[in-house]
Amino acid sequence: MLNHITIMGRITHELELKTTNSGVEFVNFSVAVDRDFQPKDGEKQTDFFSVTAWRHTAKFITSYFGKGRMIVIDGSMQSRKYTDDAGNNRVSWSLQADNVYFGDSKRNDSEPSSTAAPSAPSDFAPIEGEDEGLPF
């Protein structure tokens, strides 16, 4: 049997590293993932995934990610059965993060945002002299 999921989306709220009574660190958060297709009315649809990470993965996420950052998560879906306050049986699903990756590059907030690409100096020096001896 196979239970493997990979998602890429944006973290929806600030992260808080928590600790269980037995001293195990964890973090719970949600990730917004845009669907690849749009319905005929053109309105973008987004799915929200609940995610739980444990131990070193939780520490890594809370150290290097934050609200709005793009994250790629490899893991498995796990269900939890419970009874709500009204006595109804319920099931909740959560993505258990095994591995996480950066989905974007970290933005430098001190730099002004611009839609135009900055002009960068070239790292290549111009070739001096005749190019008759070049094979192309």
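These legends describe close-up views of one predicted protein model.

Residues are numbered from 1 along each chain as its sequence is written, and side-chain values use heavy atoms, with hydrogens and water left out. Because the model is predicted, local features need pLDDT of at least 70 and side-chain atom pairs count only at pLDDT 80 or more, while totals for chains, interfaces and linings use all residues.

**View 1. The whole chain, from end to end.** The secondary structure comes to one helix and six strands. From the N terminus on, the order is β-β-β-β-α-β-β. Helices (H or I, at least four residues) and strands (E, at least two) are DSSP runs, numbered from the N terminus. The chain has 136 residues, and 25% of them count as buried. Buried means under 20% relative accessible area, exposed means over 50%, and partly exposed lies in between (1.4 Å probe, protein chains only). The accessible surface comes to about 10,900 Å². Carbon and sulfur atoms hold 49% of that surface. These areas come from the Shrake-Rupley method with a 1.4 Å probe; for residues, only the protein chains shown count as cover. Among contacts with a separation of 6 or more, 58% join residues 24 or more positions apart. A contact means heavy atoms within 4.5 Å.

**View 2. Confidence along the model.** The mean pLDDT of the chain is 84. A value of 70 or more is reached by 78% of the residues. pLDDT is the predictor's confidence in each residue, from 0 to 100. Over residues 110-121 it stays under 50. For that stretch the model has zero contacts beyond four places in sequence.

**View 3. The largest nonpolar core.** This core has 18 residues. Phe 29, Val 31, Ile 61, Ile 71 and Ile 73 have the most contacts inside it. A nonpolar core is a set of buried Ala, Val, Leu, Ile, Met, Phe, Trp, Tyr and Cys residues joined through side-chain atoms within 4.5 Å. At least two residues each come from β1, β3, β4, α1 (55-64), β5 and β6. Strand β3 gives the most, with four residues. What does Ile 71 touch, leaving out residues up to four places away in sequence? Its contacts include Ile 7, Phe 29, Val 31, Ile 61, Phe 65 and Val 100.

**View 4. Strand β6 and its partners.** Strands β5 and β6 run antiparallel, joined by 13 bridges. Two strands pair if DSSP finds at least two bridges between them. Asp 74 has Asn 99 in β6 as its bridge partner. The two strands form a hairpin with five residues between them. In the turn, Gly 87 has a positive phi of about 90 degrees. Strand β4 runs parallel to β6, and two bridges join them. Val 51 stands opposite Leu 95 in β6.

View 5. Ser 76 is found in strand β5 (residues 70-83). Is Ser 76 buried or exposed? Ser 76 is buried, because its relative accessible area is 14%. Not counting residues up to four places away in sequence, Ser 76 touches Asn 3, Ile 5, Ser 94, Leu 95, Gln 96 and Asp 98.

**View 6. Arg 10 and Asp 104.** A search of the whole structure finds six salt bridges. A salt bridge is a side-chain nitrogen of Lys or Arg within 4 Å of a carboxyl oxygen of Asp or Glu. One of them joins Arg 10 and Asp 104, with the closest N and O atoms 3.7 Å apart. This pair links distant parts of the chain, 94 residues apart. Arg 10 lies in strand β1 (residues 5-11), and Asp 104 in the segment after β6 (89-102). Arg 10 is partly exposed at 36% relative accessibility. Asp 104 is also partly exposed, at 22%.

View 7. Lys 44 and Asp 34 meet in a salt bridge (3.7 Å, N to O). Lys 44 sits in the loop between β3 (25-34) and β4 (46-54), whereas Asp 34 is in β3, ten residues apart. Asp 34 is partly exposed, at 41% relative accessibility. Asp 47 lies in β4 and Arg 35 in the loop between β3 and β4, so the pair ties together parts twelve residues apart in sequence. Asp 47 is partly exposed at 26%, and Arg 35 is partly exposed at 34%. Elsewhere, salt bridges that share partners join Arg 10, Arg 69 and Asp 104 into one network.
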